[in-house]
Amino acid sequence: MHLPHHVEGLPGGVGELPVLVPFPREPPPLKLVLLKGEPGRPTVLDHLGVEVASTDEVAAAIGRLTDAGPVTLEENDTECCYALQDKVWVRGPGDEPWEVYTVKADSPQLAKAAESTCCA
């Protein structure tokens, strides 16, 4: 599970944002990601994510989601959040964005591609 939140800052000089706080529990691990939010704005959930082991598992999720009917957005070889990823996006019942993704390699790029839904 991947839980990115936009926050104004961290107390006591904990460090610079973004911060990845992994909770390595098997299965699955939890990744709490703190992204720099706007000053004076409340902490908000950015999106929800499920990391899978391979591109084949992303493709299987695309098939399941497409068969179920929600509109999906596929992104292959996209770079954001310091990773090269394949993923699919869907909106949940509360209009919250969900991603199913796999990390293919590390990347030096934090910012998303202009057309990406990542960390919107």
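## Lys 104 and its salt bridges

The side chains of Lys 104 and Asp 77 form a salt bridge, with 2.4 Å from N to O. The term stands for a side-chain nitrogen of Lys or Arg within 4 Å of a carboxyl oxygen of Asp or Glu. Lys 104 belongs to strand E8 (residues 97-106) and Asp 77 to strand E6 (residues 72-80), so this pair ties together parts that are 27 residues apart in sequence. Helices (H or I, at least four residues) and strands (E, at least two) are DSSP runs, numbered from the N terminus. The model is a predicted one, in which local features need pLDDT of at least 70 and side-chain atom pairs count only at pLDDT 80 or more, while totals for chains, interfaces and linings use all residues. Residues are numbered from 1 along each chain as its sequence is written, and side-chain values use heavy atoms, with hydrogens and water left out.

Lys 104 also forms a salt bridge with Asp 86, where the closest N and O atoms are 3.2 Å apart. This pair links distant parts of the chain, since Asp 86 sits in strand E7 (residues 83-91) and Lys 104 in strand E8, 18 residues apart. Lys 104 is partly exposed, at a relative accessible area of 38%, and Asp 77 is partly exposed at 48%. Asp 86, by contrast, is buried, with a relative accessible area of 3%. Here buried means under 20% relative accessible area, exposed means over 50%, and partly exposed is in between (1.4 Å probe, protein chains only).

How many salt bridges does the structure hold? There are four. One of them joins Lys 87 and Glu 99, whose closest N and O atoms are 2.9 Å apart. Lys 87 is in strand E7 and Glu 99 in strand E8, 12 residues apart, and the pair links distant parts of the chain. Both Lys 87 and Glu 99 are buried. Through shared partners, salt bridges join Asp 77, Asp 86 and Lys 104 into one network.

## The nonpolar core

Eight residues make up the largest nonpolar core: Val 52, Val 58, Ala 61, Ile 62, Leu 65, Val 88, Val 90 and Val 100. Such a core is a set of buried Ala, Val, Leu, Ile, Met, Phe, Trp, Tyr and Cys residues joined through side-chain atoms within 4.5 Å. Helix H1 (55-68) and E7 are the elements that give two or more residues to this core. H1 gives the most, with four residues.

Ile 62 touches Glu 74 and Val 88, leaving aside residues up to four places away in sequence. Contact here means heavy atoms within 4.5 Å.

## Helix H1

H1 has 14 residues and reaches 20 Å from its first C-alpha to its last, close to the 20 Å expected at 1.5 Å a residue. The expected span is 1.5 Å times one less than the number of residues in the helix. Which residues of H1 are buried? They are Val 58, Ala 61, Ile 62 and Leu 65. Seen down the axis of H1, these buried residues fall within an arc of 105°, so they line one face of the helix. The arc is that of the directions from the helix axis to the C-beta atoms. An α-helix has 3.6 residues a turn, so residues three or four places apart point the same way.

The buried residues of H1 pack against E6, E7 and E8. On the other side of H1, Asp 56, Arg 64 and Asp 67 are exposed. Just after H1, Gly 69 has a positive phi of about 110°.

Trp 89 lies in strand E7 and counts as buried, at 3% relative accessibility. The side chains of Trp 89 and Glu 75 are joined by a polar contact of 2.6 Å. A polar contact is a pair of N or O atoms within 3.5 Å; within protein, one must be able to donate a hydrogen and the other to accept it, and residues adjacent in sequence count only if both atoms are side-chain atoms. Trp 89 and Leu 48 are 41 residues apart in sequence and 9.8 Å apart in space, C-alpha to C-alpha.

His 47 is in the loop between strand E4 (44-45) and strand E5 (48-51). At 1% relative accessibility, His 47 is buried. The side chain of His 47 makes polar contacts with the side chains of Asp 46, at 2.5 Å, and Glu 99, at 2.8 Å.

## Positive phi values

Asp 77, in strand E6, has a positive phi of about 55° although it is not a glycine. Tyr 82, in the loop between E6 and E7, is another residue other than glycine with a positive phi, near 65°. Tyr 82 is partly exposed, with a relative accessible area of 42%.
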